Amino acid sequence: MKTARTTILGVAFSLLLVSCSGKKENEQTDLVTFPIRGEVVSVDTAKMRVTISHEEIPDFMARMTMPFKVKDRDLLNALVSGDSVVGTLAVSRTESWLATLTVIGSGVPPEVLDADGLNMHRLLKPGDRLPDLTFLDQDGNPVRFSDYRGKVLALTFIYTRCPLPEFCIRMSDYFAKIQKALKRKPELANWQLLTISFDPVFDRPPAMKAYGMTYGADFAKWDFLTDPDTTGRTVLALADGFDLTYEADEGSLIAHNLRTALVDAEGKLAEIVKDNEWKPEEIVERIEDLME
């Protein structure tokens with residue numbers, strides 16, 4: 001990501017960091033906007049999202065491909081892959097969305113791939129045991145999934161430099177709320193939260209520890225894990241099983257989807273939760289269920 005050098009970027013990131021500070025959720029939400037220009041990759045009307053391969057957004061985001069939320073369904077009407085678009089990206093403390101979107105050049109739907117053209121992964125399914133991979137925790141200590149045997153796990157994936165509030169920031173903010181809720185229930189002791197980075201070049205243990213401190217992590221109950229080295233091979237081996245995709249773009253940004261998972265005390269996958277349309281209290285309830 002380009003280094004912040006202007007006032008508006010400083011304001012934007014200050015707003016994003018406020019989302020992690022524990023302020024009341026009903027507090028007035030400030031807003032900044034950025035112009036966006038790019039090409040439509042896909043449209044999901046059910047989830048009110050459009051994926052755009054966009055140009056650099058000056059002073060905020062490098063050129064990359066990523067999904068954006070829209071609140072006005074009319075913006076998605078008649079959009080097809082390949083359309084050239086311009087619009088306005090709105091960013092608040094807690095979310096971002098496309099406030100405007102205008103087609104300036106028509107595209108054509110992409111070619112549909114047959115089965116031989118698809119990239120197939122061996123996806124983990126409920127009941128499968130997680131591969132016993134070795135990571136480094138926030139203190140640089142090697143840890144394996146088997147080290148957590150006997151505890152119910154909730155794990156999610158992030159990278160610490162992710163700028164948009166409803167992606168990694170939301171996952172970490174939600175995990176902070178899950179931690180707070182579970183610690184109010186001392187009778188529920190056998191649980192652990194894991195946040196795993198897919199940016200092992202930058203997210204070494206000191207960076208992960210600093211990131212965890214930002215969210216008020218109790219490192220006895222919430223570990224922040226990264227690859228043992230900067231190749232990223234370990235997290236990639238795990239990501240394939242969760243259908244987690246991430247790809248480095250220009251600058252230091254990473255285009256990615258979101259995955260959160262629950263693992264029972266025997267180390268077996270209980271559930272994979274896609275995207276960010278879930279609530280912390282739902283995960284707390286599932287953790288409680290898995291402890292029964």
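Across the whole structure, a search finds 17 salt bridges, a salt bridge being a side-chain nitrogen of Lys or Arg within 4 Å of a carboxyl oxygen of Asp or Glu. The model is a predicted one, in which local features need pLDDT of at least 70 and side-chain atom pairs count only at pLDDT 80 or more, while totals for chains, interfaces and linings use all residues. Residues are numbered from 1 along each chain as its sequence is written, and side-chain values use heavy atoms, with hydrogens and water left out.

**Stop 1: salt bridges**

Select Glu55 and Arg37, which form a salt bridge with their closest N and O atoms 3.7 Å apart. This pair links distant parts of the chain, 18 residues apart: Glu55 is in the loop between β2 (49-54) and β3 (64-69), and Arg37 is in strand β1 (residues 31-44). Helices (H or I, at least four residues) and strands (E, at least two) are DSSP runs, numbered from the N terminus. Glu55 is partly exposed at a relative accessible area of 41%, and Arg37 is partly exposed at 44%. In these terms, buried means under 20% relative accessible area, exposed over 50%, and partly exposed in between (1.4 Å probe, protein chains only).

Next, select Asp275 and Lys47, whose side chains meet in a salt bridge of 2.5 Å, N to O. Asp275 lies in the loop between β14 (269-274) and α5, and Lys47 in the loop between β1 and β2, so the pair ties together parts that are 228 residues apart in sequence. Asp275 counts as buried, at 15% relative accessibility, whereas Lys47 is partly exposed at 43%.

Move to Asp199 and Arg161, a salt bridge with the closest N and O atoms 2.9 Å apart. Asp199 is in the loop between β9 (191-197) and α3 (205-214), Arg161 is in the loop between β8 (152-158) and α2 (168-183), and the two are 38 residues apart. Asp199 is buried, with a relative accessible area of 7%, and Arg161 is partly exposed at 25%. Then select Lys47, Arg49, Asp275 and Glu277 together: salt bridges that share partners join these four residues into one network.

**Stop 2: strand β2**

Select Val50, which is found in strand β2 and is buried at 0% relative accessibility.

**Stop 3**

In α3, select the buried residues Pro205, Met208, Tyr211 and Gly212. Viewed down the axis of α3, its buried residues fall within an arc of 125°, so they line one face of the helix; the arc is that of the directions from the helix axis to the C-beta atoms. On the other side of α3, Pro206 and Met213 are exposed.

Which residues of helix α4 are buried? In this helix (residues 233-242), they are Thr234, Val235, Leu238, Ala239, Gly241 and Phe242. Seen down the axis of α4, its buried residues fall within an arc of 155°, so they line one face of the helix. Finish by selecting Asp243, which follows α4 and has a positive phi, near 60°.
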